[in-house]
Every structure is written in structure tokens, then in C-alpha cells.
Amino acid sequence: MKDFERFDMKRPPVRTKWYLHPLTYLFSAPDNLIHHNRLTRVGCEGLRPPYLLLCNHNAFMDFKVATRVIYPHRANYVVAIDGFIGREGLLRNVGCICKRKFTSDITLVRHLRTTVKNGDIAVIYPEARYSLCGTTAVLPASLGKLCKLLKVPVVTLICHGHHVNSPFWNTRNRGVKPTEAELTLLYTKEQLESASVDEINRRLVEAFRYDDFRWQMERGIRIDKPWRAEGLHKVLYRCPHCDTEYRMRSQGDRLWCDHCRKSWTMTELGALVADDAESEFSHIPDWYEWERETVRREVERGVYTTGELPVTVLSLPNAKGFIPLGEGTMTHDMNGFHVRVTDADGDIHTMDKSVPSLYSCHIEYEYLGRYGDCVDLNTLEDTWYIHPHGCDYAVTKMALATEELYFHHKRITQKPLPFGLA
């Protein structure tokens, strides 16, 4: 692995090339028009770069709305390394900055300072992954410090409808329209100077409260696709009726448990209705949060563990493509992640992520269509895509457990952080 070229994270960000700038708008325009996106601006009169733009993250359409909103101004966008695969030159030239997820990277801070010094917009998706069920993912506690450091206005862009249109668990387009977005000036430069980091973090948590399924219900937006529930069992992996894990299945508009046979139908308004009895949960995010509570109880009792899982590991040291690293094992328990893999030459590689070092993690469902679900873990020099075998949908629980382990660690070592922050 030492022989592989590493992505040059220190290379300064590029201001969007003049000849590519209008193309970014043209690339974004069709989705904004097709989904009849409605933009509301709050307190943004006279707003001009430089500023920090913080966006929620539910689907790829988020980028297209952001591009339309800020045009004709230039921006640098923070993008995960897998987004650069096979197109590093193009992404750099349209202003993208590479980041390895959930790592502390002072180089990124320098790049963002360069962006605002250039008079441009620094665009960040602080949740760092698509929401699993259309609600807010955990935000890093360092966000308030970053706002203070950059010393430019702080603006939020919160989009609604992108998850229910193309949910992470089944990204097929459902044709939702109209979608909505709110661009809000949260702090002027002067207001930021007098605000404390804690105050900024609290306001950011409030600004990022959203619920796409509730939004859909309140707007009365119907999705009549007969396959609308397919893939939902990836997120709702635990049956609330018999309390069995990893036996949930979905097809068409139905979700059911293979263990107790209870089933639910997903309505056109995004609610779940039990087919033959009372529904434990009609609101999908409520089911998801119940799963979180069950994981939290395991963590608090000190019994959480996946056991030792066989895995296939792919490495992504640069943007040229994935490198099969080999077969190995992964354990996720009260001490964090431990991965051990043997490559084709018989060399052993390990990656350990302690609980305090990782406040959240990124997962994928059926990633690349070859190895199934995966967890990706990062260092500053490499990214491992770790595909467990024979444990259907366990990655969702690992994502929840990563956060709950971190919060548990914070609770027993110091004062807990505000809700929604890590």
C-alpha cells in the first residue's frame, strides 16, 4: 500500500474556471425546473460573497439547488473523495475541495480560508452524508469554531423534498414537485463577532431541524410509484412487533418482517399502515429513532458488539479508482472499529477507530452493485470501503451505534453536548 500514489490534499482550491462556470448552472437547471423548486430567501437582501454556506444533505439534487441559488457567484464545494473518482481534473476546475469523511483535517480549514479570501462562497454539507430517513444527521461541534475562524457571514440552505423524491435507500426518482428550499442569513459578519461558539452551534442545530416525511404529509404530496417502499428495510432493520433484527424485507409498497410476518403498507403520503393490526409507527423517522433508542440501551449496558464479521475491503488512496485490498475481519464494539485485512501478498493491514475519534460514520447500501452494503472508514491518507458478509443491513445499526458510543463517551467523561451536535 505504501507504493500507491496518495490524493494531494494540500493542493490549493481552484476558483471555478470562467468557461466552466456557466456550465455548472446549465447542468443544474433541469432538475430545478422539473421539480418546480421554490426558493425562499430570509434576511438575504444585499447578501454578496464571501460567505459560508451550510447546506443539508438528502440527495444529489442538493448540489444542483445550491448551484442555482448562488449563481452567478463563484464557490468552492467540499466533496468526499469518492466523488473525484475518474474526474479529479474536472472537479478541481469547477471549484471542488476534497475531504475524507469524519477526519480532523486542518488542511481543509486552510482551503476554506483561501476560498473566502478570494471573495468566494465556501459551501459545506456539515452532515457529511445523505440522511438515512430524511431527518437531520448529527452535526460536528467544531462547526461553530469554523464560523468564528472564517469571519464571514453564515448562511444556511435547507432543502425539502429531496429525500422523499430520491431516498438514500432507493435513489430512483419519484418525480416529487414542487420541492422547496430556504436560504437564510443566520449571522452577519458583525453579529458573528459578538456570538459565542456555543450560541452559534445552538442556532445551527435549530436551523438544521427538518423532516422530509413530515414535510410531504403537510404538503399533501402524493407519490404513486408502486415500488415506493422498496429498500426501506435497509433503514428500518428492526421489527417493532417481535423485536427481531435484520429480518425486515420490502417489495413494492410493502414492508414486512420475515420472522413474525407482520407487514405494513407505505401510503402515497409516506406513512406506514399495518396491514392487519395497529401500527407501532406510522411515521418512518419515529421507527428509526426507536431503533436508535434500542442501540443506546445496548451501549449504556456496555454490551454492544457486532462480533467478528468477515469483510471484503476496498481501498481508495487517490481518485483513480478502488483498489481491492483483500479479505479480513471487522469488529465494532464498545471500543470502536477494528479492521484487519490480508492482501494478496500476505501482508496484514489494520485500521482502528476508537470511540472518541469518530462521532459518526458513513455507510452505503449496495455500493457499486458488487459487494453489498458497506461502512467507509478514513484516515488522512486513505479510505477503506468495508463490506461485511452475511449480516444483512447491519451497517445501519453500526452508523447508529457509532454516534451513540460517542455520545455515551461524552456523557461519562464530561458534560453532554447540545442535541444534534457531536
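Patches are made of residues with over 30% relative accessible area and no salt bridge, where like charges are joined within 9 Å and nonpolar side chains (Val, Leu, Ile, Met, Phe, Trp, Tyr) within 5 Å. Arg113, Lys117, Lys151 and Lys189 form a positive surface patch. Lys and Arg count as positive here, Asp and Glu as negative, and His and the chain ends are not counted. Each charge is placed at NZ of Lys, CZ of Arg, CG of Asp or CD of Glu. The areas come from the Shrake-Rupley method with a 1.4 Å probe, and for residues only the protein chains shown count as cover.

Some housekeeping. This is a predicted model, in which local features need pLDDT of at least 70 and side-chain atom pairs count only at pLDDT 80 or more, while totals for chains, interfaces and linings use all residues. Residues are numbered from 1 along each chain as its sequence is written, and side-chain values use heavy atoms, with hydrogens and water left out.

Where does lysine 117 lie? Lysine 117 belongs to helix α4, residues 106–117. Helices (H or I, at least four residues) and strands (E, at least two) are DSSP runs numbered from the N terminus. Lysine 117 counts as exposed because its relative accessibility is 67%; the cut-offs are under 20% for buried, over 50% for exposed, and partly exposed in between, with a 1.4 Å probe and protein chains only.

Now please look at the strands. Strand β8 (residues 248–251) runs antiparallel to strand β9 (residues 254–257), and 4 bridges join them. Two strands pair if DSSP finds at least two bridges between them. Serine 250 has leucine 255 in β9 as its bridge partner. Leucine 255 in turn has a bridge partner in β10, tryptophan 264. β9 and strand β10 (residues 263–266) are antiparallel too, with 3 bridges.

What about the turns? The hairpin of β8 and β9 has 2 residues between the strands, and glycine 252 there takes a positive phi near 60°. In the hairpin of β9 and β10, with 5 residues between the strands, arginine 261 has a positive phi near 75°.

Last topic: salt bridges. Side chains of opposite charge can pair when their charged atoms come close. The rule used here is a side-chain nitrogen of Lys or Arg within 4 Å of a carboxyl oxygen of Asp or Glu. How many salt bridges does the whole structure have? The search finds 28.

Take arginine 238 and glutamate 298, whose side chains meet in a salt bridge at 3.9 Å, N to O. They are 60 residues apart, with arginine 238 in the loop between α9 (212–219) and β8, and glutamate 298 in helix α10 (residues 284–300). Arginine 238 counts as buried because its relative accessibility is 10%.

Glutamate 298 also forms a salt bridge with lysine 397, with the closest N and O atoms 3.0 Å apart. Lysine 397 lies in helix α11 (residues 394–413) and glutamate 298 in helix α10, so this pair ties together parts that are 99 residues apart in sequence. Both glutamate 298 and lysine 397 are buried.
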